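Hi,

Here is the structure I said I would pass on to you. Have a look at it first, and then read my notes below.

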Amino acid sequence: MEKYLDINEDGYSIRCKYYAKDPKAVREIVLCTHGFGGNKENHSAQKFAERLTAKYKHDGVLCFDWPCHGTDARKKLSLAECLTYLDLAVHYAKDTMGAEYVDYYGTSFGGYLGLVYLKDHENPFRRIALRAPGIPMYQLMQNMLTAEDKKKLAKGKEVLVGFERKMKLDPSFLEELRENDVTACEYFDIADETIIVQGTADEKVPYDVVRQFAEDNVIEFVPVDGGSHIFTNPKHLDFAIHTILTFFAPEE
């Protein structure tokens with residue numbers, strides 16, 4: 001079963017897609033988050049959700065659009081609002097959907113946001129899987145900007161970025177990224193509950209930076225030989241999903 005729902009709290013409306021084999025039997029929910037410029041409808045999230053709910057009958061998967069992504073109504077991107085969305089989704093899974101446990105699966109920008117959230121909150125997750133997380137997010141965002149974009153931002157103006165959907169950014173967003181450098185933080189407290197999966201041929205997020213981050217925090221790191229950023233090779237995606245499904249196995 002899959003259905004659409006909205007989390008309407010504190011003036012926000014978070015657009016979600018929920019997967020479950022039997023909603024009444026669900027005891028554990030995975031929050032599945034997409035990368036920058038993506039949305040809750042992405043193919044890899046659907047594939048993951050279908051396999052997880054087929055394998056574990058007590059699990060559900062809640063995907064949602066980050067602010068300014070997918071069908072979200074907001075137009076200007078803010079890191080603070082992204083973190084608010086994640087916090088509201090955590091509480092919705094627990095308080096409204098009645099999940100006994102919540103897991104987190106974040107890809108790229110979603111992986112980075114999960115880490116920023118965890119540095120400022122007590123860990124609410126049983127397990128955390130990060131796929132090609134955008135560890136150096138400030139630099140990654142700089143790489144997306146054109147020379148003209150950078151000139152406008154230097155003058156305090158807004159620019160439009162994105163792929164299928166364009167969103168507004170201003171200098172304050174870049175400053176938020178600069179101030180939230182996850183490499184300056186320690187994540188030893190969540191290391192045992194965390195796994196990182198990344199392709200060795202990732203063309204977007206530097207492989208060596210992510211591997212070093214994992215080593216520095218004693219987090220299990222699983223390389224996918226020859227894998228690109230979005231695992232365009234189906235075998236690479238299947239391996240990543242299988243690895244994460246195994247990691248998310250319910251407690252005996």
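Let me start with aspartate 10, which sits in the loop between β1 (2-9) and β2 (12-20). Before you read on, keep in mind that this is a predicted model. Aspartate 10 is not a glycine, and yet its phi is positive, at about 55°. Is this residue buried or exposed? With a relative accessibility of 64%, aspartate 10 counts as exposed, because the cut-off for that word is over 50%.

Valine 218 is the other one to look at. Its phi is also positive, about 55°, and it is not a glycine either. You'll find valine 218 in the loop between α7 (207-216) and β10 (220-224). Its relative accessibility is 59%, so valine 218 counts as exposed.

**Helices that meet**

Next, take helix α2 (residues 79-96) and helix α3 (residues 109-120): their axes come within 10 Å and cross at roughly 80°. That angle makes α2 roughly perpendicular to α3, since 65 to 115 degrees is the range for that label. Which residues make the contact? On the α2 side they are Leu79, Cys82, Leu83, Leu86, Asp87 and Val90, and they meet Phe109, Tyr112, Leu113, Gly114, Val116 and Tyr117 of α3. Sorted by class, this contact of α2 with α3 has 10 nonpolar residues, 1 polar and 1 charged.

Now compare that with helix α1 (residues 43-55) and helix α8 (residues 234-247), whose axes are 10 Å apart and which pack at an angle of about 45°. The two helices, α1 and α8, are therefore oblique to each other, and their crossing is right-handed. From α1, the residues His43, Ser44, Lys47, Phe48, Arg51, Leu52 and Lys55 meet Leu237, Asp238, Ile241, Ile244 and Leu245 in α8.

**Salt bridges**

How many salt bridges are there? The count comes to 13, and here are a few to click on.

- Aspartate 65 and lysine 40 join through their side chains, with N to O at 2.7 Å. This pair links distant parts of the chain, 25 residues apart: aspartate 65 is in the loop between β4 (59-64) and α2, and lysine 40 is in the loop between β3 (28-33) and α1. Both aspartate 65 and lysine 40 are buried.
- Arginine 74 and glutamate 81 form a salt bridge at 2.9 Å, N to O. Arginine 74 is partly exposed, with a relative accessible area of 27%, whereas glutamate 81 has 16% and is buried, because buried means under 20%.
- Lysine 76 pairs with glutamate 158 in a salt bridge, and their closest N and O atoms are 3.3 Å apart. Again distant parts of the chain are linked, 82 residues apart: lysine 76 belongs to the loop between β4 and α2, glutamate 158 to the loop between α5 (147-154) and β7 (159-162). Lysine 76 is partly exposed at 35% relative accessible area, and glutamate 158 is partly exposed at 37%.
- Glu2, Lys17 and Glu41 are linked in a network of salt bridges.

That's what I have for now. Happy browsing!

How values were computed: Residues numbered from 1 in each chain as written. Predicted model: local features only at pLDDT ≥ 70, side-chain atom pairs only at ≥ 80, totals over all residues. Heavy atoms only, no water. Axes fitted to C-alpha atoms, helices over the stretch in contact; angles between N-to-C directions. Helix = DSSP H or I, 4+ residues; strand = E, 2+ residues; numbered from the N terminus. Parallel < 35°, antiparallel > 145°, perpendicular 65-115°, else oblique. Contact = heavy atoms within 4.5 Å. Nonpolar A, V, L, I, M, F, W, Y, C, P; charged D, E, K, R; others polar. Left-handed = near helix turned anticlockwise from the far one by under 90°. Salt bridge = Lys/Arg side-chain N within 4 Å of Asp/Glu carboxyl O. Buried < 20%, exposed > 50% of the residue type's maximum accessible area, 1.4 Å probe, protein only.
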